[in-house]
Amino acid sequence: MQVVSTDVAIIGGGGAGLRAAIAIAESAPELKVSLVSKVVPMRSHTVAAEGGSAGVTTDVDTLDLHFHDTVAGGDWLCDQEVVDYFVEHCTEEMVQLEHWGCPWSRQESGHTSVRNFGGMSTARTWFAADKTGFHMLHTLFQTSMKYPSISRLDEYFACDLLVDDGRCQGLLAIEVATGDFVRVEARAVIMATGGAGRVFRQNTNAGILTGDGMGMAYRHGVALRDMEFVQYHPTTLPGSGILITEGCRGEGGYLTNKDGYRYLQDYALGPVVTEPTPKTMELGPRDRLSQAFWHEQQKGRTIDTPLGPAVHLELMHLGQKKLAERLPFIMELSKTFLGIDAASQAIPVCPSVHYTMGGIAADGTTATALPGLFACGECSSVGIHGANRLGSNSLAELAVFGKLAGENAAAFAREQAPTRSLERAASESEASALAILSRQDGTERLASIRDDMTQAMSDGIGIYRTADGMQATCDVLDGLVDRLAHVRLDDSNRAFNTEWLGAIELGFSLDVARAMAYSALNRRESRGAHVRLDEYDGRDDQQFLRHTLAVFEADAPPRIEYSNVNITRLPPAERVYGAAAKTTGDLANA
Amino acid sequence: MPDRREIDIEVMRYNPETDSEPHMQTFRVPFDEDTSVLMGLQYIKDHLDGSLTFRWSCRMAVCGSCGKMVNGVPKLSCKAFLRAYYPGKLRIEPLEHFPIVRDLAVDQTDFLEKLEAVKPWIIRKEEKPLSEGTYLQTPEEMADYQQFSSCINCLLCYSACPQYGLDNAFTGPAALSLLHRYNADSRDEGKSERMPLVNSEEGVWGCTLVGYCSEVCPKQVDPAAAVNRNKVNSTMDYFLRFLTPRGGVDS
């Protein structure tokens, strides 16, 4: 087996992983960094983020307001010290990206612009038209090339962490092109593998978002935290789930039902306004908007499309010039995937799974409970999103905590002796990965297991949930574990065998899906994006102002535990938007 | 499902472990109005032959993973639709001018090396501290490079480029566009470091002005325009070297 010896290994080459790599190269140029990614970094899903990245910028904005919006937006399940650190560091990261060449949209004066976003009390979202994630990712990727200490293992599929002596000391990877195994020995490892939206049927996520990093950490005893909080983005294309950015609403787009009525006014988001108004109507938070869609559907007021029910996102009144300047990608997507001109026709949209708010439990420094393992970006739960993430906080998160993970992993690595030989741990992992490939007695088709998993998740872990529905999902998932053990692959080759890698991914996905479903079943209240239709339809701070921790129990269902939420200065209160939010905003200002 | 039809998709297969050369294999695939070429390939992999190998990821035309030759034309397979080829047959091959790794997956290493060679990052004589805020850049200054920053590195332009096909020492359309993207950025001061590559035989002078790269670009980057502007820059650079003490367009 080939061995790569490094100081810090990073798994995942998206925004968080690249930002971490650069932070190490800048703060500790003497350390070797190995960036391991199953795709070439610029293919990572950060590329598909559209709307923007938060950072307090204008004279009327304050760090306190960003803090308040984030904590209230997360329905108080945020760790407040970590949110404080986050809001204090967002803007300098946006400036840093500007210095590295990110083409942020500009005002006539030459200063960068900010736009309105859902749940934010003022304009603070930096944007590069509607391709913000694309530009951030390419800026970070291209900038990373100038540091000689960063070496990349492009298209190496990480399949296990190597843990010895209670410490994470590297990883096992498969070189995709050849199918050969590589042991990467490292003094510290950073997990930055993104979310797990692909465990659901209709989602905005790229095919690579199968929860690998979450699954790897989880199997080594690191808890997955708050996994029941899955974000449904309210405006995506029916069927495909392709994302239509919240930036459309930040720029002034309307949502209407089949009667042409701006239905959000019926869901405590009014008054009706014609210009984009913070926390009001279309600029409410994502959980509330997706819930409003569900109610419209129940009332029979959605529009039937061949690919499912939808409402209309109207951009026509914004005019061709503004659309071309601010939302060119949305215009292109509408044309390509719907055959319509969004300047003259409404875009049919519906909610789809978008973001994994929970993740690998990590503290505010990005350290996990496993020494030597750090986590950042969507795969992590450092505690800033709570029960509902605000749009534009995740791109900022990957920069702020990617940098922090890099610096802290570098500091940790410096203190460690070189790793001992990890040959035995690696051989065991290699054998279990190869067993999937050589199985002769299997009967199950990979796609059929995957489709049953995604259907069960979409059925039971939806926008609204019931005990019976969630239990049914848990039962299906439990059965799939055994079916996956009987998978039979068509492809028994080693070189570029994406069916084999898909089977390993599905193993991670299934573990992550079970963590989500059991965490949801056990949270007997409604909070943020976890809303129940049964008797637990209200928030219960007495019992559940706590983080859920799902702990891996091999083939058995996860063990569910709870931990305290760090509340420093903003006590739990009612979460209000629309007219009612005015007072709260004024209080936060005071 | 309304309007369900079937189309024959002929796919190039090559397995480095068992095949001495590529061959074609045909699959019959059901489709409707919304089925992309990529979805057709996914149908084959899920239901007919799990060993079919191809790259894909975002399926919304921004990650640049899924480029293929579709009936001889380089295309993003997520952005091309089966309905457009029916009732004819569809032939899908790996992107031209790159070595095949397996089936429809090609080796992208050469492009990544070329990308790195153009120094695709902001070069400053002196870094401005973050505490001093952002650089000022007017929308007009942005317009000088913005279009070239939209390149998604999908490699379609390399498959379209006859020059790269003849001699892959040529830096090629996407990398030259990104070179120009940084040279044209008002924040950058690294032009003189990039000009030797522009001027070299592997640089802009390798281009024979066919323009097919711009035609196949799924993001309207117009690499041919970037290459041409650099022919002008390269010529200026050549003459200025005789006229100015430090030489080159930067001085």
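Author: Chain A has a mean pLDDT of 96, and 98% of its residues reach 70 or more, pLDDT being the predictor's confidence in each residue, from 0 to 100. Over residues 583-590 of chain A, however, pLDDT stays under 50, and the model has 7 contacts for them beyond four places in sequence, a contact being heavy atoms within 4.5 Å. The model is a predicted one, so local features need pLDDT of at least 70 and side-chain atom pairs count only at pLDDT 80 or more, while totals for chains, interfaces and linings use all residues. Residues are numbered from 1 along each chain as its sequence is written, chains are lettered from A and ligands numbered from 1 in the order in which they are written, and side-chain values use heavy atoms, with hydrogens and water left out.

As for the charged pairs, side chains of opposite charge can pair when their charged atoms come close. A search of the whole structure finds 59 salt bridges over all chains, where a salt bridge is a side-chain nitrogen of Lys or Arg within 4 Å of a carboxyl oxygen of Asp or Glu. One of them is formed by D46(B) and R450(A), at 2.8 Å from N to O. D46(B) lies in helix α1 (residues 37-48) of chain B and R450(A) in helix α12 (residues 446-460) of chain A, so this pair joins two chains; helices (H or I, at least four residues) and strands (E, at least two) are DSSP runs, numbered from the N terminus. D46(B) counts as buried at 18% relative accessibility, whereas R450(A), at 31%, counts as partly exposed; buried means under 20% relative accessible area, exposed over 50%, and partly exposed in between, with a 1.4 Å probe and protein chains only.

Helix α12 of chain A also holds D452(A), which is paired with R483(A) in helix α13 (residues 467-484) of chain A, 31 residues apart, so that distant parts of the chain are linked. The side chains of R483(A) and D452(A) meet in a salt bridge at 2.7 Å, N to O. R483(A) is partly exposed, with a relative accessible area of 22%, and D452(A) is partly exposed at 31%.

In another salt bridge, the closest N and O atoms of R326(A) and E325(A) are 3.2 Å apart. R326(A) is partly exposed at 22%, as is E325(A) at 43%. Elsewhere, a network of salt bridges links D75(A), E228(A), R523(A), E525(A), R527(A), R539(A) and D541(A).

Turning to the strands, an open sheet of 5 strands in chain A has the order β20-β18-β12-β23-β24, with mixed pairing; two strands pair if DSSP finds at least two bridges between them. At the edges stand β20 (380-381) and β24 (559-564), each with a single partner strand, so one side of each is left without a neighbour in the sheet. Strand β23 (residues 546-551) is joined by 2 bridges to β12 (residues 224-225), and these two run antiparallel. Here L224(A) stands opposite A550(A), and R225(A) has L549(A) as its bridge partner. Strand β23(A) is also joined to β24(A) by 6 bridges, again antiparallel, with H547(A) partnered by S563(A). Of the 6 residues of β23(A), 5 are buried, so this strand is largely enclosed by the rest of the structure.
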